Amino acid sequence: MKYQLNALLAAGLLLSACSGTGDVTVPDASTTGGFSGTESSLNGGFDIDGVNTTGAGTLPGTQISDMVNFEVDQVTLTAESRQILDAQISWLRQNSNQKILIEGHADERGTGEYNMALGSSRASAVRNYMVSQGIPDSRISIITYGRERPLATCAQETCWAQNRRAVTVVTGTVGS
């Protein structure tokens, strides 16, 4: 019964996250070489196109964080997250030819299905905020990694808090 409830919750979260018009991608182990749950197993923190996806960095040529964090089991943006996103939005306005990918991540607790849905909802929350502030949805794609790409690996809140995040990755220019 508990598994069915978790699966139903995950499906509901995933469906609600997919209601926007942007692209949503759930990674497939067959195309990414599989996930073992450690950053080193994921091509050194680079995706299959060689884009750095580890987070905890900055937008190109700036000191603007590329990452916002979330509370446990939450998709709501905090005041601190909105400040970071406002700075990212300002950069995106100044660089109107840039496209971005928003990665959604979760900590290691919970089922894989639940964390994939939670990561998707977190990425959608960031995308929806950016769109509400005037960034065209056509410039934004999202992907969920759930718990599969942790920044920190330990069974403590200090690590889990770092892994509950959404990361903004500059992927290319509009029209490419």
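Visitor: Which residues is arginine 147 in contact with, leaving aside its neighbours within four places in sequence?
Guide: This is a predicted model. Arginine 147 sits in the loop between β4 and α5. Once neighbours within four places in sequence are left aside, its contacts are Ala106, Asp107, Glu108, Gly110, Thr111, Gly112 and Asn115.

Visitor: How far apart in space are arginine 147 and aspartate 107, C-alpha to C-alpha?
Guide: Aspartate 107 is among the contacts of arginine 147. In sequence the two are 40 residues apart. From C-alpha to C-alpha, the distance between them in space is 5.3 Å.

Visitor: Does arginine 147 count as buried or partly exposed?
Guide: Buried would require under 20% relative accessible area, and exposed over 50%. The relative accessibility of arginine 147 is 30%, so this residue counts as partly exposed.

Visitor: What about alanine 106: is this residue buried or exposed?
Guide: Alanine 106 belongs to the loop between β3 and α4. Arg147 is one of its contacts, and the others include Asn115, Leu118 and Arg122. Its relative accessibility is 4%, so alanine 106 counts as buried.

Visitor: How far apart in space are alanine 106 and glutamine 162, C-alpha to C-alpha?
Guide: Alanine 106 is also in contact with Asn163 and Arg164. Glutamine 162 is 56 residues from alanine 106 in sequence. In space, C-alpha to C-alpha, the two are apart by 9.1 Å.

Visitor: Is aspartate 86 buried or partly exposed?
Guide: Aspartate 86 is part of helix α3. Its C-alpha is 9.9 Å from that of isoleucine 64, which is 22 residues away in sequence. With 36% relative accessibility, aspartate 86 counts as partly exposed.

Visitor: Which residues have the most contacts inside the largest nonpolar core?
Guide: The largest nonpolar core has 19 residues. Each of α3, β3, α4 and β4 supplies at least two residues of this core. Those with the most contacts inside the core are Leu85, Ile102, Val126 and Met130.

Visitor: What does valine 126 touch, not counting residues up to four places away in sequence?
Guide: Valine 126 is one of the residues with the most contacts inside the largest core. Residues up to four places away in sequence are not counted here. Valine 126 touches Val68, Phe70, Leu77, Leu85, Ile102 and Ala166.

Visitor: How many residues of α4 are buried?
Guide: Helix α4 has 21 residues and reaches 30 Å from its first C-alpha to its last. This helix is mostly covered. The buried residues of α4 come to 16 of its 21.

Visitor: Which ring does arginine 149 lie over?
Guide: There are two cases of an arginine over a ring to mention here. Arginine 109 lies over the face of tryptophan 160, at 3.9 Å from the ring centre. For arginine 149, the distance from the ring centre is 4.1 Å, and the ring is that of tyrosine 145.

Visitor: What is the phi of aspartate 73?
Guide: Most residues other than glycine have a negative phi. Aspartate 73, in the loop between β2 and α3, has a positive value. Its phi is near 55°.

Conventions: Residues numbered from 1 in each chain as written. Predicted model: local features only at pLDDT ≥ 70, side-chain atom pairs only at ≥ 80, totals over all residues. Heavy atoms only, no water. Core = buried A, V, L, I, M, F, W, Y, C linked by side-chain atoms within 4.5 Å. Buried < 20%, exposed > 50% of the residue type's maximum accessible area, 1.4 Å probe, protein only. Helix = DSSP H or I, 4+ residues; strand = E, 2+ residues; numbered from the N terminus. Contact = heavy atoms within 4.5 Å. Lys NZ or Arg CZ within 6 Å of the ring centre and 35° of its normal. Expected span 1.5 Å × (residues − 1).
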